[in-house]
Amino acid sequence: MDTTIELTVDGERRAVTVDTRTTLLDALRERLGNTSPKKGCDHGQCGSCTVLLDGRRHLTCLALALSYDGAEITTAAGLARDGLHPVQQAFLDHDGYQCGYCTPGQVCSAVGMLDEASRDAPSHVTEDLDVPTTLEDLTDSEIRERMSGNLCRCGAYPGILAAVRQVAGA
Amino acid sequence: MKELAYVRASDPAQAVATVADDPDARFLGGGTNLVDHLKLGITTPGTLVDISHLPLDGFEETADGLTIGANVRNSDLAADRRVRAGWPVVSRALLAGASGQIRNQATTGGNLLQRTRCVYFQDPTTPCNKREPGSGCSAAGGYGRYNAILGASPACVTVHPSDLAVALAAVDAAVLVLGPGGRRRIPAAELHRLPGDDAEHDTVLGHGDLITAVELPASALARRSTYVKVRDRASFAFALVSVAVALDLAEDGTVTDVRVVWGGVAHKPWRAERAEDALRGRPLTEAAVRAAADAELASAAPSSDAGYKVPMVRNATALAFRRLVPALAEEDR
Amino acid sequence: MTDLVPAPIDAKAMGTALPRVDGVEKVTGSAAYAVEHPVPRPLACWLVQSTIARGRVVSVDRSAALAHPGVLSVVDHTDAPRLAETDNGELAILQDDRIGFRGQIVALVLAESSEAAREGARLVRVEQQEEPAEAELREDNATYRPEKVNPSMETDTETGDVDTALAGADVVLEQTYRTPYEHNNPLEPHATTAWWGEEDGRDRLTLYDSSQGVHGVATALAPMLGMEKEQVRVMAPYVGGGFGSKGEAHAHVMAAALAARTTGGRPVRLAVTRQQMFALTGYRTATISKFRLGADRDGRLAAIEHGVLEQTSRLREFAEQTASSTRMMYAAPNRRTSHRLAVLDVAVPSWMRAPGEMPGMYAHEVAMDELAEACGLDPVELRRRNEPDLDPEKGLPFDRRGLLECLDRGAARFGWAGRPREPRSTRDGEWWVGTGAASATYPAMRQPGNVARIESLPDARYAVSIGSVDIGTGARTALTQIAADALSVGPDAIDLHLGDTALPPASVAGGSSGTSSWGSAIVAAAQQFRTEHGHRPAPGLRTEAGAERGDEAERFSFHSFGAVFAEVRVHRDTGELRVPRLLGVYSVGRVVNPMTARSQLVGGLVMGMSAALFEESVRDPRFGHVVTQDLATYHIAAHADVTGVEAEWLDESTTTFTPMGSRGIGEIGIVGTAAAVANAAYHATGIRVRDLPLTADAYVG
């Protein structure tokens, strides 16, 4: 059962015909040819498919495309439309990756996470829920916890931490 | 994944009617659990009724507390200033669950209705009474580290994975349900059930019942509450065991009222009423907490793989009380 | 083409932290992995798997699948293209009705979309006849003695008289150590795009494959498909990690090739699901190591015995070399090692990062920690006292034996001095705190059969080509630096090409041999190019050359070494473990690129810590398959688990081994790491856990 929906992907309005079963991830990768979000597990257990959806970090593998008709999606490719995003540059500076497969998801997650932290969203390791969260107070353990939805089998976490810390402190 | 029809619900009543009329229809919320199941072939509905766009996404302050729309995302609920101050156990439980991305997507109602993570339930090639009633329970006699230690039955030995459900039971929350027969209000602690000889049903809800909201009543108990979760990884993992504690202490250190709810130990959030009774009206000490937990655990019947959960949940309970009353630490050790 | 022994080269680009040359592609997601290459009208292929561990396929009912919209065809053993060779029992799929393990490929579904293909696979009804199967590794399995263990080592070794030495030893340690099944789980699932065509009147198969060795895939597939290797082109410009699991073609690659054979030339995309990976793409066998160590009161070893029990698959032998490092690690006049395999009705085991050394050194290094305690010695000191003069196995001098330097430097940096000898003696708030150490080693390996091509380009640039693969190691960057120094130009003058069998032959990205093997060929080709064409060549001149070995292997034993130090905290209430500090110090020869090398070594440490604390593929013997078959139940280290992981290395160069002076770095980070963590967990709690992983279950009480 095919239906056509509209998505704004990396700033471009796109019509895409999807099956009722098509996930947002497969719509992007297999139907729109945007393979920046990756399929690492397809079940919400690795974070490789993370994009920014209506401004928030979001998995695309556990999202049926039809439910997101009209959504605005930014992938790691879209973050670099006007030159590398500071997060991307920081990943290069600190070698925050090896094979590169989880990387676009890590980058999108970091961008979304920094935004969350700047909007007073606490985390599991936030000691006092009454104290407002700010970017300036983002400790290493806060960054690690908040980035834990993105697995990296190459073990590039120390580089990822350094990269996110660089941007958070900027 | 079976071919299916997709309907975007226009209002809650229509959504309920559509699902109630079609035994093959299911509600689609945030999708973080259902889409997983669709891909694995764990469930094969014919129609999905998308409720994620219904305007059930607000917070309403009431005379008694706060009412949370069922579509409020886990991250928004956890970050809400009123929830952090008035029901910290709710924030803590949510933040201990899943990942930042999933919390942005998963809804309040959906979190409560997520299904077990038992590896055999997740694998349609193995028998599972919950997935396929009558096929048998593979977890009994199989991989059992995550199995229940309380309230299990021969039909099902699994545990409920929701952290939020454990927290809600500890603050006397209620779940508002719109069903084919109208509206009802179910205490959160009574939403989930034990398997008995019916492993298929996780909750007391029927087909077509839609969770529309969760009520958080304000109380001294809820204000002094916390959540301890023990897991294999430091983050992004389901609980081995978890503990929600809400505590109202008199000035002299006597327990005025208390809630102790355990996750990861049973087919439902386990309200440790025996432990609560043992603590209520008495001075709070770490020894008392441990003894209270042991009283509750007297009926535990773990398989060998899950035997570690008995000391773990007892100790985690003590830890949760220590988080709420730091003086306990010096007192007893 | 020429083969020559390349002369050592000076380090100018080598040793600098050149950022990855493919970094922008990776951080933006424009790097294209195996099923991300645009191809015309691709079909989706989905695998249908057996649900019994042993038996036969009675019938395959395709009707429901074929009736599903979008499904084009179903292929099973009755109509799959016939293979010319079927000796490789893992790759020879769909050739008969036999089922050798649960999860084996029994049919393929081709469809216009991945959604339809997946549903088609669900709708294929396979009737199976089940036979009794054995899928559990126990201490009492029937076992056999394989002829060799991987890659071609002696199965058993014996020197002196172990039993007599043990009988006369002051201190005897006898213990059993177990490591579980582990899955490599690279973040990019295995995947292949395949299509058939014709070239020069001959069949031609083209693959984009997520592989650690494109030439190896072509070499494995071609004869089975009745073709010459040149008829199979394999490309792998980007590979999302492998850790050994993409070192050889697994069954899905053949599935893609066979499926594409049936489509009249339409390309086929086959992406293995994460769940399917647990059955089809290799894993580390579980191991049971029985150790006996005999020492005098001063801790000097008189006898070392390491008996290994592990498993292989009935379909194809895989003999993990678990005791190999025990043969060369410490001095002892009397030594015995052995490997025995149980043959089970299970998926074929394969390589996983430091196969052999990882499980073997886990056992050995925990045993050494136990021996140190029994002798009342500091664990680092015990290792010092058992340092051999010569390689105990080969009788040759080590070209470089950096172990003690690594231990000393690591101990100093870690703050090892003053460590309380007694376990369970330090508590910090709610946490028991302990520290542990372990040695690491990995053989330096150079593979034969590597050829590089140098071509002069306009503007004093050079194209450097070799058919190797960068699976995330940084090879593309390191080889650029090596080529630059070999040609005496800057790295920005090098256009490096790899990942394609159209380029000269190269060995697999595995065994920490990549940089040594490919780099040596590049240096040889560069030196030959300069001999033939001088320093100011006209554009368009080409040289191909490979690197000969000298007689160095007959004169020296080449190994890398390392020392790992861990701090472990165990929660007094919950038993949860944390590793706040993990330090590895390594002797690995010259480090070509300190930035990518650090990531490699840190990545190995992280994976070793992950193995110590989390990783376990639980095979349910009643069914025969792994039931922890996803990333929610097979835990790998998440970001929050990784705190304070650091790696450093000795400043050294081994030009006797390679013209660059490097020895390889990919595996050694995982070796010994689980032991250091386990030893620290014991030191923290006084609870000795000998079976991995070390989960809270064992420490809570």
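Start in chain A and select helix α3, residues 86-93. Its buried residues are V87(A), Q88(A), A90(A), F91(A) and L92(A). Keep in mind that this is a predicted model.

Now show what surrounds those side chains. Within chain A, the buried residues of α3(A) pack against α2 (76-79), α4 (103-118) and α6 (157-168). Chain C takes part as well: α1 (23-28) and α14 (594-613) of chain C also pack against them.

Step just past the end of α3(A) and select D95(A). Here the backbone takes a positive phi of about 50 degrees.

Next, hide chain A and display chains B and C. Contacts link 39 residues of chain B with 38 residues of chain C. The two chains bury about 3,100 Å² between them. Carbon and sulfur atoms account for 53% of that area.

Turn to the polar side of this interface. There are 18 residue pairs in polar contact across it, both residues at pLDDT 80 or more. The rule also finds 5 salt bridges between chain B and chain C. For one of them, select R322(B) and D573(C): their closest N and O atoms are 2.8 Å apart.

The largest share, 7 residues, comes from α12(B).

Last, color that side of chain B by residue class. You will find 15 nonpolar, 10 polar and 14 charged residues.

Conventions:
Residues numbered from 1 in each chain as written. Chains lettered and ligands numbered in written order. Predicted model: local features only at pLDDT ≥ 70, side-chain atom pairs only at ≥ 80, totals over all residues. Heavy atoms only, no water. Contact = heavy atoms within 4.5 Å. Buried area = accessible area lost by both parts, 1.4 Å probe. Salt bridge = Lys/Arg side-chain N within 4 Å of Asp/Glu carboxyl O. Polar contact = N/O pair within 3.5 Å; in protein donor to acceptor, adjacent residues only side chain to side chain. Helix = DSSP H or I, 4+ residues; strand = E, 2+ residues; numbered from the N terminus. Nonpolar A, V, L, I, M, F, W, Y, C, P; charged D, E, K, R; others polar. Buried < 20%, exposed > 50% of the residue type's maximum accessible area, 1.4 Å probe, protein only.
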